[in-house]
Amino acid sequence: MSFLRTVLNNSVIIHPPGFYIIGFQTFPYISVYFIFLAFVYVVTLLFNSLVIYVIAFNHCLHTPKFIAVVNLAVIDVMLNSCIIPSMIKIFLVKDNFVPFNLCLLQMFVYYTFATLESYALAVLAYDRLIAICFPLRQNSINTLRSMCYIVGLTWSFALGVTAFTTGIMTRLSFCNSVTVFSYFCDYAPVFRLACNDFSMHWFAASFLSVLLLAGPFAFILLSYISILATVFRMKSLDSRVKALATCIEHLILVAVFYIPLITIFTIGFYLRAINPDQRVMSLSLASCIPPCINPIIYSLKTKEIKIRAIALVRKTKIGTQQTHQCKNCPCNINTMQQ
């Protein structure tokens with residue numbers, strides 16, 4: 001195997017042609033899992049695309065709340081598109097070699113959209129915070145422009161931070177093993193293969209974990225503490241129930257996304273007290289399932305989207321029936337015979 005050698009600060013940097021991804025070695029019927037992931041990917045594309053279409057082509061849904069919802073849907077599609085097809089190629093088709101530059105690209109895309117997923121949930125919490133705690137000032141505080149600025153800021157931040165952490169991977173020299181034990185070109189399993197100092201990358205990984213999990217999660221917790229304080233100050237029990245009902249679906253999304261990741265990162269990444277195959281399986285599920293269920297639990301249960309989605313499905317069904325009827329129409333048959 002030939003290695004690419006470059007010179008950086010008078011030291012030789014060795015970049016391999018690529019990496020071999022291995023994982024799921026102790027699971028006997030793992031192919032069933034990847035067939036399940038293929039189904040998860042189809043559901044992700046189908047339902048998130050429906051959400052994006054409904055919001056994009058209904059101008060009355062061009063509001064701050066639905067800008068945050070469509071932002072989450074786009075991120076869900078990109079996140080699972082980055083991971084699931086690659087996993088099927090590696091573990092189901094048995095083609096586990098990933099070129100070096102493609103490995104860095106996948107690393108960049110995955111961590112960018114994983115970070116954006118976390119921040120998108122925080123943006124939805126912000127929308128609930130303003131709607132419940134400042135109902136009279138909601139239209140002046142949470143405007144369409146301000147929401148677009150917030151979403152744009154999260155994208156710029158995620159792209160910038162991930163570009164830096166991925167870019168410094170090119171400073172590492174890989175002169176020994178090129179076998180990555182994970183389900184994709186994961187950051188920590190890759191930099192641990194380096195034969196030069198990777199302390200900067202360890203710090204970057206820890207810093208990225210805080211930015212990805214702790215920061216947005218802390219904001220969401222503080223938001224709901226403020227929401228609960230406001231709700232319990234309401235005099236009407238009916239008002240309290242209605243206010244809390246608008247938050248239940250979002251809280252489910254938060255729990256599904258954060259709890260598994262925080263648990264796995266704490267036990268596996270820092271304490272290293274988990275079986276490697278179990279860590280890979282748990283992380284892959286924690287990464288792939290939330291983008292699939294987000295539109296089902298949250299977006300498509302929103303009254304405005306649900307009404308328009310049902311209307312769209314009915315319109316499509318009626319259009320299909322009319323086309324079928326036209327083909328079987330006697331006048332069309334006579335015309336064809338003439």
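Exposed means over 50% relative accessible area, and buried means under 20%. The model shown in these views is predicted.

Figure 1. K94 has a phi of about 70°, a positive value, although K94 is not a glycine. The residue is found in the loop between helix 2 (64-92) and strand 4 (97-99). Its relative accessible area is 63%, so K94 counts as exposed. F24 also carries a positive phi, about 55°, and is not a glycine. F24 lies in the loop between strand 3 (18-22) and helix 1 (30-56). Here the relative accessible area is 4%, so F24 is buried. Most residues other than glycine have a negative phi.

**Figure 2. The whole chain, for orientation.** The protein chain has twelve helices and five strands. It holds 338 residues, and buried residues make up 45% of them. Take the contacts between residues at least 6 apart in sequence: 77% of these join residues at least 24 apart. The accessible surface comes to about 17,500 Å². Carbon and sulfur atoms account for 68% of that surface.

**Figure 3. The largest nonpolar core.** This core has 100 residues. The members that touch the most other members are F19, F24, M87, Y110, Y183, Y187 and I305. Helix 3 contributes the largest share of the core, 21 residues.

**Figure 4. The largest cavity.** A search of the whole structure finds one cavity of 30 Å³ or more. The volume of the largest cavity is about 120 Å³. Its lining has 16 residues. Nearest the centre lie Y110, A114, Y183, L261 and S287. Helix 3 (100-133), helix 9 (248-270) and helix 10 (276-297) each supply at least two lining residues. Helix 10 gives the most, with five. By class, the lining divides into 14 nonpolar residues, one polar and one charged.

**Figure 5. The second largest pocket.** This pocket has a volume of about 250 Å³. K65, R128, A245, T246 and E249 are among the residues that line it. Y298, K301, T302, K303 and E304 belong to the lining as well. Six of the lining residues are charged, two are polar and two are nonpolar.

Figure 6. S118 sits in helix 3. Its relative accessible area is 0%, so S118 is buried. Beyond its neighbours within four places in sequence, S118 is in contact with L212, P216, F257 and Y258. S223 sits in helix 7 (residues 199-232). With a relative accessible area of 2%, S223 is buried. Leaving aside neighbours within four places in sequence, S223 is in contact with A125 and L129.

**Figure 7. H62 in the loop between helix 1 and helix 2.** The place of H62 is in this loop. Its relative accessibility is 30%, so H62 counts as partly exposed. H62 and L144 are 82 residues apart in sequence. In space, the two are 7.9 Å apart, C-alpha to C-alpha. H62 is in contact with L144, and also with I55 and A56, once neighbours within four places in sequence are left aside.

Conventions: Residues are numbered from 1 along each chain as its sequence is written. This is a predicted model: local features need pLDDT of at least 70, side-chain atom pairs count only at pLDDT 80 or more; totals for chains, interfaces and linings use all residues. Side-chain values use heavy atoms; hydrogens and water are left out. On a 1 Å grid over the protein atoms alone, a cavity is a set of points where a 1.4 Å probe fits but cannot get out, and a pocket is an open set with protein on both sides within 12 Å along at least five of seven lines; lining residues have an atom within 4 Å of a point. Grid points are joined across faces, edges and corners, and a volume is the space filled by probe spheres set on the points. Ala, Val, Leu, Ile, Met, Phe, Trp, Tyr, Cys and Pro count as nonpolar, Asp, Glu, Lys and Arg as charged, and the others, Gly among them, as polar. Helices (H or I, at least four residues) and strands (E, at least two) are DSSP runs, numbered from the N terminus. Buried means under 20% relative accessible area, exposed over 50%, partly exposed in between (1.4 Å probe, protein chains only). Contact means heavy atoms within 4.5 Å. Accessible areas come from the Shrake-Rupley method with a 1.4 Å probe; for residues, only the protein chains shown count as cover. A nonpolar core is a set of buried Ala, Val, Leu, Ile, Met, Phe, Trp, Tyr and Cys residues joined through side-chain atoms within 4.5 Å.
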